[in-house]
Amino acid sequence: MTLTALDFLGFGLPPGSPSLGELLAQGKDNLQAPWLGLTAFFVIAIMLSLLIFIGEAVRDALDPRKTLT
């Protein structure tokens, strides 16, 4: 997410390199093509949701206070 934010602001990877921040910036610059911004938004939303689900699963698997019933 940090790399995406930095790329969106123009401080990340060199111009022309593929990243989600670059795709978001292109979507902001080309409002007549909404699929650019929507694609990046949905990819970021899915990635963050999967990260949350994986974190919850790891926490549940490693929780020492969990009782087996």
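**Exercise 1.** Determine which residues of H2 meet which residues of H3, and classify the contact by residue type.

Solution. Contact here means heavy atoms within 4.5 Å, and helices are DSSP runs (H or I, at least four residues) numbered from the N terminus.
Step 1: the residues of this contact comprise 9 nonpolar, 4 polar and no charged. In this classification Ala, Val, Leu, Ile, Met, Phe, Trp, Tyr, Cys and Pro count as nonpolar, Asp, Glu, Lys and Arg as charged, and the others, Gly among them, as polar.

The model is a predicted one, in which local features need pLDDT of at least 70 and side-chain atom pairs count only at pLDDT 80 or more, whereas totals for chains, interfaces and linings use all residues. Residues are numbered from 1 along each chain as its sequence is written, and side-chain values use heavy atoms, with hydrogens and water left out.

**Exercise 2.** Describe the geometry of the H2 and H3 pair.

Solution. Step 1: two packed helices are described by the angle between their axes and the distance between the axes.
Step 1: the axes of H2 and H3 cross at roughly 145° and come within 7 Å. Axes are lines fitted to C-alpha atoms, for helices over the stretch in contact, with angles from 0 to 180 degrees between N-to-C directions.
Step 2: the crossing is left-handed, a term for a near helix turned anticlockwise from the far one by less than a right angle.

**Exercise 3.** Are Thr-4, Leu-23 and Pro-15 buried, partly exposed or exposed?

Solution. Step 1: Thr-4, in helix H1, is buried because its relative accessible area is 12%. Beyond residues up to four places away in sequence, Thr-4 touches Leu-20, Gly-21, Leu-24 and Ile-44.
Step 1: Leu-23, in helix H2, has a relative accessible area of 23% and is therefore partly exposed. Apart from neighbours within four places in sequence, Leu-23 is in contact with Leu-36, Thr-39 and Ala-40.
Step 2: Pro-15, in the loop between H1 and H2, is exposed, at 79% relative accessible area.

**Exercise 4.** State the confidence of the prediction.

Solution. The chain has a mean pLDDT of 86, and 96% of its residues reach 70 or more; pLDDT is the predictor's confidence in each residue, from 0 to 100. Confidence is highest in H3, at 91, and lowest in H1, at a mean of 83.

Terms used. Helices (H or I, at least four residues) and strands (E, at least two) are DSSP runs, numbered from the N terminus. Buried means under 20% relative accessible area, exposed over 50%, partly exposed in between (1.4 Å probe, protein chains only).
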